[in-house]
Amino acid sequence: MPRAILFDMGGTLDGGVHWLNRFAALYAEAGLDLARERVRAAFDEAERRAAVDDVMLTCGLETMIDRHVGWQLERLAADRSMRSAIVERFVARVRRAAEENAPMLAALSARGPRLGVVSNGCGNVEVLCAELGYAPYLSAVVDSRRVGLYKPDPAIFIFAAAKIGVPARSIMMVGDSFDRDIRPARSLGMMTAWLVDEASRCPDPSLVDVRLRRVSELPSVLESAVAGAGVPRA
């Protein structure tokens, strides 16, 4: 069992699907026939604005998503009457994920490893962790905007390891992005758990210790791996 486990937030602890893919699906459900490139451009614009927006520093989940969707619809020049419905559906999915993931974090914490979050956030990751019920189980929350370090820079993982007080080789990083989570974490000697879907292709299987379909699978997967001596470095 790792001595510490770090989790990505967006696309991992908040629902297991990258935000871009989630928004693209919601727009399609709303009847918008949008090219992927247009959705991507609108999403990237909203991400840029979120990264410098003062409200984002302290806001909760619903306000964060509402502002993000507003910026996207502005860029898309789309009907803004759908804004509230898209926000509601997005937020509902995150809350459903939290209902599954908070007990998972509790189960892991009870087994001894320190838990933390490392996120390319908007400054409000601690607020979100508290709102979603994750905070009681976390020893460290590292928000890129707060610390001035951003994934995939390995420096943010070094910072997180120091904050959680466990050597990198005894930490497992759990995330959905191969390039932002798995690759930089493994470059420091961390164990890795990659959250994937059926369409995911692994650029380098040697960098992945565990593959997950749902992040809530992690406790049982780790127990099975430990029983079979399959997880390196305790």
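The structure is a predicted model, in which local features need pLDDT of at least 70 and side-chain atom pairs count only at pLDDT 80 or more, while totals for chains, interfaces and linings use all residues. Residues are numbered from 1 along each chain as its sequence is written, and side-chain values use heavy atoms, with hydrogens and water left out.

I begin with the chain as a whole. The protein chain contains 10 helices and six strands; helices (H or I, at least four residues) and strands (E, at least two) are DSSP runs, numbered from the N terminus. Its radius of gyration is 18 Å, close to the 17 Å that the globule rule gives for 234 residues, so the chain is as compact as a globular protein of that length. That radius is taken over C-alpha atoms, and the globule rule is 2.2 Å times the number of residues to the power 0.38. The C-alpha trace spans about 55 × 35 × 30 Å along its principal axes.

Of the 234 residues in the chain, 47% are buried. Here buried means under 20% relative accessible area, exposed over 50%, and partly exposed in between, with a 1.4 Å probe and protein chains only. Contact means heavy atoms within 4.5 Å. Among the contacts with a separation of 6 or more, 61% are between residues 24 or more positions apart.

The mean positions of the 30 positive and 30 negative charges are 4 Å apart. Lys and Arg count as positive and Asp and Glu as negative, with His and the chain ends not counted; each charge is placed at NZ of Lys, CZ of Arg, CG of Asp or CD of Glu.

What does Phe7 touch, not counting residues up to four places away in sequence? Its partners include Leu13, Met104, Leu105, Val117, Val215 and Leu218. Leu105 is found in helix α5 and is buried, with a relative accessible area of 0%. Beyond four places in sequence, Leu105 touches Phe7, Leu115, Tyr134 and Tyr137. Leu105 and Leu13 are 92 residues apart in sequence, and their C-alpha atoms are 9.9 Å apart in space.

Next, Asp14 lies in the loop between α1 (9-13) and α2 (19-29). Is Asp14 buried or exposed? At 4% relative accessibility, Asp14 counts as buried. Leaving aside neighbours within four places in sequence, Asp14 is in contact with Met9, Trp19, Arg22, Val94 and Ala97. Asp14 and Leu128, 114 residues apart in sequence, have C-alpha atoms 9.5 Å apart.

Ser144 is found in helix α7, residues 144-147, and is buried, with a relative accessible area of 0%. Not counting residues up to four places away, Ser144 touches Ser119, Asn120, Gly121, Leu149, Tyr150 and Ile156.

Two points of backbone geometry follow. A cis peptide bond joins Lys151 and Pro152, with omega about 15°, and Pro152 lies in the loop between α7 and α8 (154-164). Ala77 has a phi near 55°, a positive value in a residue other than glycine. Ala77 is placed in the loop between α4 (61-76) and α5, and is exposed, with a relative accessible area of 70%.

Finally, Arg67 lies in helix α4 and counts as partly exposed, at 26% relative accessibility. Arg67 touches Asp53, Val55, Met56 and Arg83, not counting residues up to four places away in sequence. The C-alpha atoms of Arg67 and Val221, 154 residues apart along the chain, are separated by 37 Å.
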